[in-house]
Amino acid sequence: MSTITELIHAIPVDPHTGAIAVPIYQTSTFVQEAPGVNKGYDYTRSNNPTREIAEKIIAKLEGGAAASAFSSGLAAIDAVIKLLKSGDEIVAVDDIYGGAFRLFHKVYEKFGIKVSYVDTSDTAAVFNAITPATRLIWLETPTNPTLKISDIEAIGRIAKAHNCLFCVDNTFASPILQKPLELGADLVVHSATKYLGGHSDLIAGVVIAKTIELGEEIKFYQNACGAILSPFDSFLLIRGIETLPLRIKQHEFNAQALAEYLEKHPAVAKVFYPGLPSHPGHELAKKQSKGFGGIISFTLKDDRVEAATAFVTGTHYFKLAESLGGIKSLLCHPAGMTHKSIPAEKRKAAGVSDSLIRLSVGLEETADLLADLEQAFTKLPAPAAAGSVL
């Protein structure tokens, strides 16, 4: 059975009414037959039929034993970190999402959880960063925003040898392109706001566990701390997932064309896209993933904030906004937006330069997106302006 057929038929028909779409159980509580005797639901914070279906679909997509849906991607990350205790250490990817860095640095370090940041595309660096106190390896691959590729299988072996939990943020690839649990991860995290939802109309996060036992631990924190996904947002998430394979296919088609265009443009210094043979992680990405995704980052030869600002405010179809993974193309300036919370020296050391621009390539016609980038380049201030290559 193909992935898309399996996905479509993993979404159940409502047994009570025959509804082809999953109903929204917009209720806070459920009537009980006697104290503790119910139909599997007592209070929506603890469980809800709509959310439960969303969780089961995503667990199936990722090949996990259990999933828990949260009110945001950061709430999902927070639940994973709650598996640790004071004195534990994390080895994390250096090119990390700014919100995750803020959570680790501003919240959990004061509770005695130490974080070491390394270039996880260098497997030896991960191995060398492990200490007797390391309890979690935190990976993004591809990373946000420089699209580094890390060897999930090799890092999984390191984690297992050192008795560490291994969590992979799979937001950029989605389970359509990459399944970290099959490559050795214990946990997978998604900002479901992005590709899983796919329409820029909800905030959501998901944690998928490889085992029932680990899934139950995450479920405990979901209930105990209360950052649940609402029934309506669970419905929106299911609705988005229904078209995920088709959307990913078009995102990637457009991104490949735009990356090839950018690589040839005289105003561009460097393009970060795993689908380009010039990308250092290209061969590894081909090995562990089914595709290269819809995110591109690039730097300008004029490596100034002013030049990047002129570009990101000069497009028509690419909208300047936080987030990614929706049907409309977006772009952002990580140094001034998504990664602003990371100190400049750390940000630059991880490859996030002042002129780095991230594109979330949408589902518009490829030619229209190429034309939009071309006209934006003409607005660059001297000395970065360059001729057309279209």
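Helices (H or I, at least four residues) and strands (E, at least two) are DSSP runs, numbered from the N terminus. This is a predicted model, in which local features need pLDDT of at least 70, side-chain atom pairs count only at pLDDT 80 or more, and totals for chains, interfaces and linings use all residues. Residues are numbered from 1 along each chain as its sequence is written, and side-chain values use heavy atoms, leaving out hydrogens and water.

Q: How many helices and strands does the protein have?
A: Both kinds of element occur in the protein. The count is 14 helices and 12 strands.

Q: Which strands are the edge strands of the open sheet of five strands?
A: Two strands pair if DSSP finds at least two bridges between them. The sheet has mixed pairing and the order β8-β9-β12-β11-β10. Pairing on one side only marks the edge strands, β8 (268–272) and β10 (319–320).

Q: Which residue in β11 is the bridge partner of K319?
A: Strand β11 covers residues 330–332 and runs parallel to β10, with two bridges joining them. In β11, the partner of K319 is L330.
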